[in-house]
Amino acid sequence: MELTEWLNNLSSIGGSTIRMSAPLIFAALGGLMSERSGIINIALEGKMLAGAFTAAAVTTLTHSPFLGFLCGGLAGMLMAALYGLFVINFKSNQIVTGTAITILAAGTVPFISQILFQNTGSTPEIPMGNRFIHGPIIAAWVIMGLIWLWFKYSPYGMWHKFAGEHPDALQTSGIDVIRTRWSGVLLSGFLAGLGGATLSICLSSSYTRNMTAGRGYMALAALIVGGWRPIAAALACLAFGFFDALGIFLQGIQMPKLTADIPFVTQFWNFLVSPQFIQIIPYILTIVIVAGFVGKSRAPRALGQPYLRNR
């Protein structure tokens, strides 16, 4: 392979890495807003799914990707509002409720799609002129920088940190912990919805069933690996995006077959280069990386603990 071809391949993988990481960055930042205030957000997958479908549907009906992108975020916020009602007001188990929200989104989206488009599997294809090319990708990094500044220099960012670390001290200082957590959950849903919208109207040309494909959980893993810090979480998303882009790249090239006399070795090699195995590489690496970081990164002290004003 010539040097020019190698450079072109590296450039292609680099560009794909940045593109594939954008939805993860949105979702990871959403998880950050919720979990730094003390609310576990395992429902990122469901919020991304709602955002992806809503963005594609609104863009198809209105021919406006900007309106579709905004409505995708609002759809994620709506799912977050339902989630917040149960976990903040009713003090329900946050992991169980988050799982239920994801299942609700997975079941509701095909139902609405059937009503609007007479198709439960996908929305109509969006023309290139009605889709984003780079906008959401740039926005993901800009928002990451703004959230970093917000947590570091804004008093509101400090309130969110204290809501997840020392909620009693925050309440004693006169700041409402419940209201702070509600704002974190709603912002989380909006950002996760934007991540889903990026998938359907930027990286793709339509919504397809379950197109998030576990990216909400990958974003949560990136948040853990990044130690609940915005820049580190974004870099972890970039790493996961690289593995995703590498898998896509490997599917598009002809891999040499091993010419060995041992049939088992040949079969094993063919399995390693098969599209089915390449597609699961990002998820295998997600499990391996998270397993290596669990226990090494410290979660907010009050994460997952319902707050009671009268205690």
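Start with the whole chain and its contacts. Take the contacts between residues at least 6 apart in sequence: 80% of them join residues at least 24 apart. Keep in mind that this is a predicted model.

Now colour by secondary structure. Read from the N terminus, the elements run α-α-α-α-α-α-α-α-α-α-α-α.

Switch to a surface view. The chain exposes about 14900 Å². Carbon and sulfur atoms supply 69% of that area. Of the 311 residues, 47% count as buried.

**Annotated spans**

Bring in the UniProt record next. Its unreviewed entry lists "transmembrane region" for residues 12-32, 39-60, 66-88, 95-117, 132-151, 185-207, 227-250 and 271-294.

Select residues 12-32. The span is 100% helix and 0% strand. Its end C-alpha atoms are 30 Å apart.

**Ser-188**

Zoom in on Ser-188, which lies in helix H8. Is Ser-188 buried or exposed? Its relative accessibility is 0%, so Ser-188 counts as buried; the cut-off is under 20%.

Show what surrounds Ser-188. Leave aside neighbours within four places in sequence. The contacts are then Gly-30, Gly-31, Met-33, Ser-34, Asn-41, Leu-44 and Lys-47.

**Ser-206**

Move on to Ser-206. This residue sits in the loop between helix H8 (177-201) and helix H9 (215-225). Ser-206 has a relative accessible area of 10%, so it is buried, again by the cut-off of under 20%.

Which residues does Ser-206 touch, not counting those up to four places away in sequence? Display Ala-56, Thr-123, Pro-124, Glu-125, Ser-200 and Met-211.

**Where H5 meets H6**

Finish with two helices. Select H5 (residues 135-153) and H6 (residues 155-165). They pack at an angle of about 80°, and their axes are 5 Å apart. Angles of 65 to 115 degrees count as roughly perpendicular, so H5 is roughly perpendicular to H6.

Show side chains at the contact. H5 brings Trp-150, Phe-151 and Tyr-153. H6 brings Pro-155, Tyr-156, Gly-157, Met-158, His-160 and Lys-161. Colour these residues by class: six are nonpolar, two polar and one charged.

Terms used
Residues numbered from 1 in each chain as written. Predicted model: local features only at pLDDT ≥ 70, side-chain atom pairs only at ≥ 80, totals over all residues. Heavy atoms only, no water. Axes fitted to C-alpha atoms, helices over the stretch in contact; angles between N-to-C directions. Helix = DSSP H or I, 4+ residues; strand = E, 2+ residues; numbered from the N terminus. Parallel < 35°, antiparallel > 145°, perpendicular 65-115°, else oblique. Contact = heavy atoms within 4.5 Å. Nonpolar A, V, L, I, M, F, W, Y, C, P; charged D, E, K, R; others polar. Buried < 20%, exposed > 50% of the residue type's maximum accessible area, 1.4 Å probe, protein only. Areas by Shrake-Rupley, 256 points an atom, 1.4 Å probe, with all protein chains shown as cover. UniProt positions renumbered as here; feature names shortened; annotations may be inferred.
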